[in-house]
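Dear colleague,

I am passing on to you the structure below, and after it I set out what was found in it. Please keep it open beside you while you read.

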Amino acid sequence: MVKVRTWLIMALAALVGLSLPGAGAQAAQPSTTAPSAEAPFLVISDLHFNPLDDASLAARLDAAPAKDWPAILDGTAGHRLSSFGRDSNWFVLHAAFAGMRQAQPHPAYVLHTGDMLAHDFRETYEAALPARKGDEAAYRAFALKTVTTLMETLRHTFPGVPVLTALGNNDSYCGDYAVEPNGLFLDDTLPLVTASFGRARADRAGVGRDWRQAGNYVIPHPTLKGVRILSFDTVMLTRKYKNSCGQPGDTPQDTTLSWLHQALARARADGASVWLITHVVPGIDGFATANAWAKAARDASAAGQAAPACTAPVELMAPGMEPRLERELAEFHDIIKVMFAGHIHMDDLRLIGAPGAGVPVLVTPAVSPVYQQSPSFKLGRAAPDGSVASLTTYYMTNLSDEPSVETARWAPEYDTAQAWGANRLTPDTLRGIIARIRDSAPARAQYRRIYSVARPQASAMTPDNQPLYLCALDNGLVDAYTRCACPGP
């Protein structure tokens, strides 16, 4: 692991430069220099903001407009960050945004791969405000104020810097994996999404149409000429998605894949390349598959039987969706430079597609420490050809010490060039990295540390079940994964 230096994040670093609604802080000044093609950019994911970590503030937050929330949230005694196993409170967000400014005060743009709301958000709200149970209007207003506070805080952390957001599975009024196509959440959040574009050019009418329809949009890349960024909602393709608030007969999966096909076809016709940002990683769920194997072994042992040699892998996508998605990606692999994703909360990479038609998938770990990994974000650089040159993961080094914003420390954990010897993250280099991880014990150990963001002792990935995770790195389809995980005699 590369550890260049560690910074002490002081209170001033957490507050100066954050022009927070109602907080009275002075805004950081935007850079007046036009960013170059290779200018650094930030990638963040899975912030999972829980404003009710201090439930005593619930009534005041419920009654107040979003612009007054920062002052109310700052009133929490102790200013302690939420611990491992809990979603991000206000002070985790403060510390993370301050760490990002320390790492790069003037990023060219920020890619945000979704999940703004905390897990079990409705249940948390109704537990804190039982009189509001069943009051849909009140719940929607509170959820929107939560998203508004998060996005406005991020936007004012980097004034004028484009912040490009993808939709996460928790980002919904209707529950987890249940965003409604053409629904209220997409309509209500559209102004926040477009306000965050900053200086980036965009077809606002097209963005509005596509975001409202299914949480998608196209925008020119802020620095790379001839490259487009497609924010593409994979949540609607997942096995857990339920259109519980939608209209009978809706087919959001077809709508989403049709949108992707048309957007990619237009890019190719115009001679453009593409970066994809999305939330849910395509392919096999290594964590769920490893759990299923372990359960099958336990059940067999309890019954006095031998453990099964193989169990069925668990797909992240709904039945039939992964092959359809991979066909689209394969058809346009020559123009797709990269896909950024999140969702699994860990630091990962994948290669989707057959040899010669692969798409690099770069997975950013979570800011939220709910699944035991260290809060983290990435700093990247693009290559002149439109690929990603390198990514450096930054993480909070001392969350176990129960720090405040003033004492939270951030450090670079590793960068891809030094860890893997790759000068660009292309399909060929990712294929080589994956082969090295499979073939080398030191590389496998390094991958376990990277995956858990420097907390392998708390990770679900162990040396024993690691092969099940490794098969998911470049085998997105069930048959290919099964051949890897369950080789024949």
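In this predicted model, tyrosine 469 is in contact with Gly286, Phe287, Ala290, Tyr451, Ala460 and Met461, once its neighbours within four places in sequence are left aside. Tyrosine 469 has its place in helix H15, which covers residues 466-471, and because its relative accessible area is 4%, below the 20% cut-off, tyrosine 469 counts as buried. Between tyrosine 469 and proline 70 there are 399 residues of separation in sequence and 40 Å in space, taken from C-alpha to C-alpha.

In soluble globular proteins, nonpolar side chains tend to be buried together. Here the largest nonpolar core has 145 residues, and those with the most contacts inside it are Leu111, Trp275 and Phe340. Helix H4, residues 90-103, gives the largest share of this core, namely nine residues.

The next topic is a pair of helices. Two packed helices are described by the angle between their axes and the distance between the axes. For H9 and helix H11 (residues 321-331), the angle is about 5° and the axes are 10 Å apart; H9 and H11 are therefore roughly parallel to each other. On the side of H9 the contact is made by Gln253, Asp254, Leu257, Leu260, His261, Leu264 and Arg268, while on the side of H11 it is made by Met321, Arg324, Leu325, Glu328 and Glu331. When the residues of this contact are sorted by kind, five are nonpolar, two are polar and five are charged.

Charged side chains also meet in salt bridges, and the count comes to 17. One of them joins arginine 122 to glutamate 136, with the closest N and O atoms 2.8 Å apart. Because arginine 122 lies in helix H5 (residues 121-128) and glutamate 136 in helix H6 (residues 136-157), this pair ties together parts that are 14 residues apart in sequence. Glutamate 136 has a relative accessibility of 36%, so it counts as partly exposed.

Another salt bridge is formed by the side chains of aspartate 270 and arginine 228, at 2.5 Å from N to O. This pair links distant parts of the chain, for aspartate 270 is in the loop between helix H9 (252-269) and strand E7 (273-277), arginine 228 is in strand E6 (residues 227-231), and the two are 42 residues apart. Are these two partners buried or exposed? Aspartate 270, at 53% relative accessibility, counts as exposed, whereas arginine 228, at 21%, counts as partly exposed.

The side chains of lysine 295 and aspartate 299 also meet in a salt bridge, at 2.8 Å from N to O. Being four residues apart in helix H10 (residues 286-302), these two are separated by about one helical turn. Lysine 295 counts as partly exposed at 46% relative accessibility, and aspartate 299 is likewise partly exposed, with a relative accessible area of 40%. Elsewhere, salt bridges that share partners join Asp62, Arg132 and Asp135 into one network.

Finally, two residues deserve a look for their backbone angles. Most residues other than glycine have a negative phi, and most peptide bonds are trans. Aspartate 120, however, has a positive phi, near 50°; it is found in the loop between strand E3 (110-112) and H5, and its relative accessible area of 53% makes it exposed. Asparagine 182 also has a positive phi, near 55°. Asparagine 182 lies in the loop between strand E4 (163-165) and H7, and with a relative accessible area of 58% it is exposed.

With best wishes

Definitions and conventions
Residues are numbered from 1 along each chain as its sequence is written. This is a predicted model: local features need pLDDT of at least 70, side-chain atom pairs count only at pLDDT 80 or more; totals for chains, interfaces and linings use all residues. Side-chain values use heavy atoms; hydrogens and water are left out. A salt bridge is a side-chain nitrogen of Lys or Arg within 4 Å of a carboxyl oxygen of Asp or Glu. Buried means under 20% relative accessible area, exposed over 50%, partly exposed in between (1.4 Å probe, protein chains only). Axes are lines fitted to C-alpha atoms, for helices over the stretch in contact, and angles run from 0 to 180 degrees between N-to-C directions. Angles under 35 degrees count as roughly parallel, over 145 as roughly antiparallel, 65 to 115 as roughly perpendicular and the rest as oblique. Contact means heavy atoms within 4.5 Å. Ala, Val, Leu, Ile, Met, Phe, Trp, Tyr, Cys and Pro count as nonpolar, Asp, Glu, Lys and Arg as charged, and the others, Gly among them, as polar. A nonpolar core is a set of buried Ala, Val, Leu, Ile, Met, Phe, Trp, Tyr and Cys residues joined through side-chain atoms within 4.5 Å.
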